[in-house]
Amino acid sequence: FGEDGLMHVRAKGSNAPVFEPPTLEEYYKDMGELFNIRSFGPVSSFCYQRLRLLQTKFELYSMVSGEAESEQAASNGHRDFYNVRKVDTHVHHSAA
């Protein structure tokens, strides 16, 4: 991290940053441009259709190969990684 609190990318063996991070104004300008692109009707429709296609492909893959993949994971000797379960860390204000 630099003195400004931002992470800087540096070349191996060098202390000089590879590029300077954008200013806050440049960041907000770029974010506004991305928001405008995302809000443009044809882009939004294309992205929605693309995400639906990808979801359908994944569901088809899961139906075809899901069981074989589960068996492969179960037969793996160091399978602790595959048995990880979600831990609920949500704490209610009144319980704190």
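V18 is exposed, with a relative accessible area of 54%. The cut-off explains the label: exposed means over 50% relative accessible area. The model is a predicted one.

V18 sits in the segment before α1. Which residues does V18 touch, leaving aside those up to four places away in sequence? The contacts are V9, R10 and A11. Ten residues separate V18 and H8 in sequence, and their C-alpha atoms are 7.8 Å apart.

**The whole protein**

The protein has two helices and zero strands. Its length is 96 residues, and 3% of them count as buried. The accessible surface comes to about 9,400 Å². Carbon and sulfur atoms account for 60% of that surface.

**Two surface patches**

One patch is negative, and E25, E26, D30 and E33 form it. Another patch is nonpolar, with an area of about 650 Å². Its members are L24, Y27, Y28, M31, L34 and I37.

E33 belongs to helix α1, which covers residues 24-39. I37 is also placed in helix α1. Is E33 buried, partly exposed or exposed? E33 counts as partly exposed, because its relative accessibility is 47%. I37 is partly exposed as well, at 42%.

| Residue | Relative accessible area | Class |
|---|---|---|
| V18 | 54% | V18: exposed |
| E33 | 47% | E33: partly exposed |
| I37 | 42% | I37: partly exposed |

Key:
Residues are numbered from 1 along each chain as its sequence is written. This is a predicted model: local features need pLDDT of at least 70, side-chain atom pairs count only at pLDDT 80 or more; totals for chains, interfaces and linings use all residues. Side-chain values use heavy atoms; hydrogens and water are left out. Patches are made of residues with over 30% relative accessible area and no salt bridge: like charges are joined within 9 Å, nonpolar side chains (Val, Leu, Ile, Met, Phe, Trp, Tyr) within 5 Å. Accessible areas come from the Shrake-Rupley method with a 1.4 Å probe; for residues, only the protein chains shown count as cover. A salt bridge is a side-chain nitrogen of Lys or Arg within 4 Å of a carboxyl oxygen of Asp or Glu. Lys and Arg count as positive and Asp and Glu as negative; His and the chain ends are not counted. The place of a charge is taken as NZ of Lys, CZ of Arg, CG of Asp or CD of Glu. Helices (H or I, at least four residues) and strands (E, at least two) are DSSP runs, numbered from the N terminus. Buried means under 20% relative accessible area, exposed over 50%, partly exposed in between (1.4 Å probe, protein chains only). Contact means heavy atoms within 4.5 Å.
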